[in-house]
Amino acid sequence: MGYITSAALEETGYVVLDSYNKPLDPKEWLDIEYVDWKSSGDTRFAPLASAFGEIECNGFWNHKPPRTDKDGVWIPAQTELAPTLTERALEPGANVGRCRIIELQPNSYGDCLYNLHQDDNNRLNPDGTGWVVRGFFNLTDDTESYFVLRHNRTDPEGEVRIALPAGAQLIIDTQRLWHAATHLGTEPRYCLITSWESGPELDAYIEKYHGVNHVESVPISQETLDAGQAEQARRDAARAAYYAAKGQAELAAQTAMSEA
Ligand SMILES: [Fe+2]
């Protein structure tokens with residue numbers, strides 16, 4: 001049967017919508033409650049909708065009963081403080097799973113490449129229903145920062161870097177594309193992330209805001225690219241060595257136990 005997907009995302013896996021042009025009140029993301037939740041860098045998250053309406057960020061499949069990233073439960077204590085953001089997440093009329101604000105501390109392009117990951121939004125998603133994709137609404141005016149998208153985590157070929165000024169609105173198939181943000185500011189970056197179910201509602205929303213599936217990449221120097229690749233490779237190797245050593249130690253302990 002297969003999943004219902006958006007034609008707009010088929011070719012590149014992303015669309016950039018018109019920039020949000022209404023005023024943003026920083027209180028909506030500064031006055032709500034955050035939880036420590038590390039994901040792709042030094043981050044905290046403030047959920048607006050979660051698996052059962054608690055202020056926590058775990059994947060819906062880690063709850064009982066486990067389920068896919070749909071039918072998020074709104075958290076009134078949070079949505080009351082962030083009414084405009086809640087309204088924006090609801091505007092497409094598509095099913096919403098997780099909805100939360102990310103706070104990301106400044107990092108580098110090399111950090112970002114190391115943090116590149118694919119999401120797992122469609123775990124347990126029933127065949128024949130809508131594929132879950134994610135909206136990213138940049139809240140802070142991060143004029144030096146950009147979102148990095150790749151088809152292959154370690155291959156820069158075809159990399160797309162999308163600018164993140166205040167009001168930037170992206171929709172990304174984050175299970176298909178490797179992604180992370182390079183945030184070069186001095187203050188944290190805030191962004192609203194919403195899991196939406198693909199279908200006619202989301203398609204109409206993309207059309208209404210003139211989604212485009214190709215944008216010009218934010219330019220960066222060859223030197224930055226090369227240094228970023230080198231840092232990703234260095235940290236990947238360090239991580240592999242750490243786990244290899246840990247595995248050896250565990251194997252040695254098991255052997256010692258079985259011999260005891
Ligand atoms: Fe992600």
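Modeller: The protein chain has 7 helices and 11 strands, where helices (H or I, at least four residues) and strands (E, at least two) are DSSP runs numbered from the N terminus. Its radius of gyration is 19 Å, close to the 18 Å that the globule rule gives for 260 residues, so the chain is as compact as a globular protein of that length. That radius is taken over C-alpha atoms, and the rule is 2.2 Å times the number of residues to the power 0.38. This is a predicted model, in which local features need pLDDT of at least 70 and side-chain atom pairs count only at pLDDT 80 or more, while totals for chains, interfaces and linings use all residues. Residues are numbered from 1 along each chain as its sequence is written.

Of the 260 residues in the protein chain, 38% are buried. A residue is buried if 20 or more other C-beta atoms lie within 10 Å of its own, exposed if 12 or fewer, and partly exposed in between, with C-beta atoms placed from the backbone. Among contacts (C-beta atoms, placed from the backbone, within 7 Å) with a separation of 6 or more, 80% join residues 24 or more positions apart.

The helix I take is H6, residues 200–208, whose buried residues are Leu202, Tyr205 and Ile206. These cover an arc of only 100 degrees around the axis, which puts them on the same side of H6; the arc is that of the directions from the helix axis to the C-beta atoms. An α-helix has 3.6 residues a turn, so residues three or four places apart point the same way. The face of H6 turned away from its buried side carries the exposed residues Pro200, Glu207 and Lys208. Just after H6, histidine 210 takes a positive phi of about 55 degrees.

The buried residues of H6 pack against helix H1 (7–10), strand S1 (14–17), strand S9 (169–172) and strand S11. Strand S11 (189–197) is also among the elements that cover the buried residues of helix H4. Those residues of H4 (83–90) are Leu85, Thr86 and Ala89. Seen down the axis of H4, they fall within an arc of 100 degrees, so they line one face of the helix. Pro83 and Glu87 are exposed on the other side of H4. Further elements covering the buried side of H4 include helix H2 (27–30), strand S3 (43–50), helix H3 (76–79) and strand S5 (96–104).

Now the core. The largest nonpolar core has 53 residues, and those with the most contacts inside it are Ile101, Phe147, Leu170, Ile171, Cys191 and Leu192. Such a core is a set of buried Ala, Val, Leu, Ile, Met, Phe, Trp, Tyr and Cys residues joined through C-beta atoms within 7 Å. Leaving out residues up to four places away in sequence, Cys191 touches Ile101, Ile102, Phe136, Phe137, Asn138 and Leu139.

Finally, the domains. The chain is divided into domain 1 (7–219) and domain 2 (221–260), with bounds from an automatic or database domain assignment. Their C-alpha centres lie 30 Å apart. Leucine 113 lies in helix H5 and is buried, with 27 other C-beta atoms within 10 Å. Beyond its neighbours within four places in sequence, leucine 113 is in contact with Gly228, Gln229, Glu231 and Gln232.

Terms used. Two residues are in contact if their C-beta atoms, placed from the backbone, lie within 7 Å.
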